[in-house]
Amino acid sequence: QRTSNVCSFVQRGALEALKTNQEFFLKINSHYDLRREILYEGLKNIEGLFVHPPNGAFYAFPRLPNKNISSVDFCKNILNDYGLVLIPGKPFGDNQSFRISCATSKEKIIDGLSRLKKAVQNYYF
């Protein structure tokens, strides 16, 4: 399968949701914006990682320090060694990057950033 699309009944549900009170969306968006900022600032402060600010997504796509470890191996290692789930960048066309989500609590984001920092220091420096 190369593409997937949202089925018609979900599209109709989305249209109805857009007709609801926008206050809910403003509130939930502010929560995700704060989490996105926490993730981005944390990633910027990890030596060796390079990251663009995520715009409109609930994940970031940082670049690894060098090519010593592929994104697939990095994600396998960090899962086994630090219990942190990351998505390799290889399926997205960049085997030196990975995806990390901010669609969780602030506490889990901070904990994940701490684990990520330890892993990057251990694997690369």
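I take buried to mean under 20% relative accessible area, exposed over 50%, and partly exposed in between, with a 1.4 Å probe and protein chains only. By that definition tyrosine 124, at 11% relative accessibility, counts as buried.

I note that this is a predicted model, in which local features need pLDDT of at least 70 and side-chain atom pairs count only at pLDDT 80 or more, while totals for chains, interfaces and linings use all residues. Residues are numbered from 1 along each chain as its sequence is written, and side-chain values use heavy atoms, with hydrogens and water left out.

**Aromatic pairs**

I looked up ring pairs of Phe, Tyr and Trp (its six-membered ring), with centres within 6.5 Å; planes under 30 degrees apart count as stacked, over 60 as edge-to-face and the rest as tilted. The structure holds seven aromatic pairs. One of them joins phenylalanine 74 and tyrosine 124, a tilted pair at 6.2 Å centre to centre with 40° between the planes. Phenylalanine 74 belongs to helix H3 (residues 71-82) and tyrosine 124 to helix H4 (residues 106-124), so this pair ties together parts that are 50 residues apart in sequence. I use DSSP runs numbered from the N terminus for helices (H or I, at least four residues) and strands (E, at least two). Phenylalanine 74 is buried, its relative accessible area being 0%.

I next examined tyrosine 82 and tyrosine 123, which form an edge-to-face pair at 6.1 Å centre to centre with 75° between the planes. This pair links distant parts of the chain, with tyrosine 82 in helix H3 and tyrosine 123 in helix H4, 41 residues apart. Tyrosine 123 is buried, with a relative accessible area of 17%. I recorded one aromatic cluster formed by Phe74, Tyr82, Phe98, Tyr123 and Tyr124.

**Charges over rings**

I applied this criterion: NZ of Lys or CZ of Arg within 6 Å of the ring centre and within 35 degrees of the ring normal. The charged end of arginine 35 sits over the ring of tyrosine 32, 5.4 Å from its centre. For arginine 99, the charged end sits over the ring of tyrosine 59, 3.5 Å from its centre.

**The loop between E2 and E3**

I located proline 91 in the loop between strand E2 (87-88) and strand E3 (98-101). Proline 91 counts as exposed, at 67% relative accessibility. Serine 97 has its place in the loop between E2 and E3, and at 1% relative accessibility serine 97 counts as buried. I found that serine 97 touches (heavy atoms within 4.5 Å) residues including Phe61, Arg63 and Pro88, not counting residues up to four places away in sequence.
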